[in-house]
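Welcome, and thanks for taking a look at this one.

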Amino acid sequence: MSQRRADGSAGDADYGAIGGVYTDYRKPDPRIGRYILDALGDARTVLNVGAGAGAYEPEDREVTAVEPSASMRAQRPAGLPPAVDAVAEKLPFPDRAFEGAMSTFSVHQWNDLWAGLKEMRRVTRGPIAILTCDPDRLRRFWLLDYAPEVIETEARRYPSVDDIADGLGGHTSIIGVPIPIDCTDGFNEAYYARPERLLDPGARLSCSAWSFVDDRVHHRFAAELRHDLDDGTWERRYGRLREQPSFEGSLVLVVSDPTA
């Protein structure tokens with residue numbers, strides 16, 4: 001397992017450096033959250049691995065959160081219980097301790113995917129729901145035309161959904177999650193119909209892939225997108241998206257339930 005960073009971040013992104021404004025832009029969208037709740041079924045005790053600032057944690061369940069980054073733990077709302085400082089690959093809980101488990105936008109940060117999934121299954125006796133992005137679907141998004149480096153970075157970082165399903169075992173299903181046009185969770189594809197939002201450096205900073213490209217990519221992206229918005233090029237190519245109520249992008253939910 002690689003060295004944890006100064007704030008405890010255990011993956012390839014340093015949330016001590018980029019996580020300061022995360023909750024300003026990454027607000028859980030209830031329509032996406034409904035997919036997670038449905039997948040968890042009747043599970044009353046739920047483990048959230050790589051919990052970040054607590055997005056999508058069910059309010060009507062007993063949730064135990066695990067998050068290695070001190071910056072992200074500090075941004076958890078006052079109404080949520082403090083998160084345990086631990087990593088996915090070494091969960092400090094006994095076997096079958098939880099009725100259900102979840103992880104959102106986290107598996108691509110783990111140092112050892114297989115170890116983390118094995119640990120989740122070890123401590124969970126019921127359904128596990130993993131919200132992630134399918135790397136095979138990332139190139140559907142118009143960002144590929146303006147910042148291909150970001151898309152390619154994401155495609156390298158996100159594990160295949162088949163690998164996640166294999167690692168969890170049990171009866172698994174892969175569910176495409178539509179992204180609503182006014183999605184409140186500001187990952188890149190959330191702005192499929194609102195390109196202007198990605199001109200905000202804070203919005204980009206809240207998507208970890210942007211931290212892996214240099215300033216030249218940021219400046220070129222902003223200049224080219226601003227130009228195409230001003231002269232109507234983006235509208236001619238993609239303006240139909242502004243009227244499209246949802247986008248079938250890379251967002252998926254991988255669900256494993258040994259009792260199904």
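## The annotated domain

Residues 47-125 carry the UniProt annotation "domain: Methyltransferase type", which comes from an unreviewed entry. Please keep in mind that the model you are viewing is predicted. In this model, the span 47-125 is 20% helix and 16% strand, and its end C-alpha atoms lie 11 Å apart.

## Nonpolar cores

Let us turn to the packing. The largest nonpolar core has 51 residues, and L131, W142, L143 and F221 are those with the most contacts inside it. Several elements each supply at least two residues of this core: the helices α3 (30-40), α6 (143-146), α7 (148-157), α10 (215-231) and α11 (233-238), along with the strands β4 (128-133) and β8 (251-257). The largest share, five residues, comes from α10. As a general point, nonpolar side chains in soluble globular proteins tend to be buried together.

Leaving aside residues up to four places away in sequence, L143 touches P148, V150, I151, N188, W210 and F221. Another core, of 23 residues, lies apart from the largest one and has V123, L168, V252 and V254 among its members.

## Aromatic pairs and charges over rings

How many aromatic pairs does the count come to? The count comes to nine aromatic pairs. One of them joins F93 and F98, an edge-to-face pair at 5.1 Å centre to centre with 90 degrees between the planes. Both F93 and F98 are buried. Another pair, F141 with W142, is tilted: the centres are 4.9 Å apart and the planes make an angle of 55 degrees. Both F141 and W142 are buried as well. These two rings also belong to a cluster in which ring pairs link F141, W142, Y146, Y192, W234, Y238 and F247.

Two arginines sit over ring faces. R26 lies over the face of F105, at 5.0 Å from the ring centre. R204 lies over the face of W210, at 5.5 Å from the ring centre, and W210 is also one of the residues that L143 touches.

## A closer look at R137

Where does R137 lie? R137 is found in the loop between β4 and α6.

Not counting residues up to four places away in sequence, R137 touches G176, E189, G249, S250 and V252. V252 is named among the residues of the 23-residue core. For a sense of scale, R137 and R76 are 61 residues apart in sequence and 31 Å apart in space, C-alpha to C-alpha.

## Cysteines

A disulfide is a covalent bond between the sulfur atoms of two cysteines. The structure holds zero disulfides.

Key. Residues numbered from 1 in each chain as written. Predicted model: local features only at pLDDT ≥ 70, side-chain atom pairs only at ≥ 80, totals over all residues. Heavy atoms only, no water. Phe/Tyr/Trp six-rings, centres within 6.5 Å; stacked < 30°, edge-to-face > 60°. Buried < 20%, exposed > 50% of the residue type's maximum accessible area, 1.4 Å probe, protein only. Lys NZ or Arg CZ within 6 Å of the ring centre and 35° of its normal. Core = buried A, V, L, I, M, F, W, Y, C linked by side-chain atoms within 4.5 Å. Helix = DSSP H or I, 4+ residues; strand = E, 2+ residues; numbered from the N terminus. Contact = heavy atoms within 4.5 Å. UniProt positions renumbered as here; feature names shortened; annotations may be inferred. Disulfide = S-S within 2.5 Å.
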